[in-house]
Amino acid sequence: MSELTAKQARFVEEYVLDLNATQAAIRAGYAEKSASVEGARLLANAKVGEAVAAGLKARSERTKIDADWVLTRLAEEAEADLSDLYDDNGHLKPMKEWPKIWRKGLVAGIETLTEFETVDGKKEPVGVVRKIRLSDRIKRVELIGKHVDVQAFRERVAHENPDGTPLADTSDRELAKAVAYVLSKGLKADG
């Protein structure tokens with residue numbers, strides 16, 4: 001990132017954290033009032049774009065998390081069998097016996113209720129009900145569908161003029177017009 005200004009370099013560092021151009025611009029020291037436009041302008045800058053790509057690649061290599069990892073994980077979660085949580089008698093297994101994929105976030109919570117009966121004027125426990133709240137598995141399927149290789153639900157993201165023609169080398173003034181158009185339509189430039 002040696003060709004970037006200090007402020008641009010800071011923007012790149014911040015943008016790689018959460019892929020939010022507006023917030024990255026604010027954290028990098030740009031005015032909050034113009035951060036949305038500044039973030040879009042910075043992302044359109046070829047040198048900044050190269051630095052962002054390099055930062056994302058380095059992060060992916062460092063964490064060993066890439067698109068393949070994400071898709072594989074989502075597929076494992078979408079395919080996880082709920083019956084793996086129960087023994088042959090239909091009782092919920094102890095959590096330590098659950099398959100690892102279930103212990104890593106597929107269960108959003110467990111509610112345990114003890115049922116009582118009154119016997120000879122005294123409350124006696126007669127059973128336990130355990131309710132499992134699952135995390136949103138439909139969302140996982142949707143995320144798989146949005147994956148670049150699947151493209152079932154892929155959102156169209158393009159940089160183009162309001163009339164649909166591709167952007168040419170634009171000046172800052174033309175870029176500001178394009179950003180203003182995008183914002184006027186309620187679209188976001190952030191990830």
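# Helix packing and a hairpin

Strands β1 and β2 make a hairpin with two residues between them, and D120 in that turn has a positive phi of about 55 degrees. You're looking at a predicted model, where local features need pLDDT of at least 70, side-chain atom pairs count only at pLDDT 80 or more, and totals for chains, interfaces and linings use all residues. Residues are numbered from 1 along each chain as its sequence is written, and side-chain values use heavy atoms, with hydrogens and water left out. Helices (H or I, at least four residues) and strands (E, at least two) are DSSP runs, numbered from the N terminus.

**Confidence**
- The protein's mean pLDDT (the predictor's confidence in each residue, from 0 to 100) is 82, and 75% of its residues reach 70 or more.
- Among the elements, helix α2 (residues 21–27) has the highest mean pLDDT, 94, while helix α8 (residues 172–184) has the lowest, 61.

**The hairpin**
- β1 (residues 107–119) and β2 (residues 122–134) pair in the antiparallel sense over 12 bridges; strands count as paired if DSSP finds at least two bridges between them.
- T118 has K123 in β2 as its bridge partner, and E111 stands opposite K131 in β2.

**Helix α1 and its partners**
- Two packed helices are described by the angle between their axes and the distance between the axes.
- Axes are lines fitted to C-alpha atoms, for helices over the stretch in contact, with angles running from 0 to 180 degrees between N-to-C directions.
- α1 (residues 6–18) packs against α3 (residues 35–44) at about 95 degrees, with the axes 11 Å apart.
- That's why α1 and α3 are roughly perpendicular to each other (angles under 35 degrees count as roughly parallel, over 145 as roughly antiparallel, 65 to 115 as roughly perpendicular and the rest as oblique).
- In this contact (heavy atoms within 4.5 Å), Q8, F11 and Y15 of α1 meet G39, L42 and L43 of α3.
- The axes of α1 and α4 (residues 46–63) come within 9 Å and cross at roughly 40 degrees, which makes α1 oblique to α4.
- For that pair, the contact uses Q8, F11, V12, Y15, V16 and L17 of α1 plus V48, A51, V52, G55, L56 and R59 of α4.
- By class, the α1 contact with α4 has nine nonpolar, two polar and one charged residues (Ala, Val, Leu, Ile, Met, Phe, Trp, Tyr, Cys and Pro are nonpolar, Asp, Glu, Lys and Arg charged, and the others, Gly among them, polar).

**Helices α5 and α7**
- The axes of α5 (residues 67–79) and α7 (residues 137–146) come within 9 Å and cross at roughly 145 degrees.
- Seven nonpolar, no polar and four charged residues make up the contact of α5 with α7.
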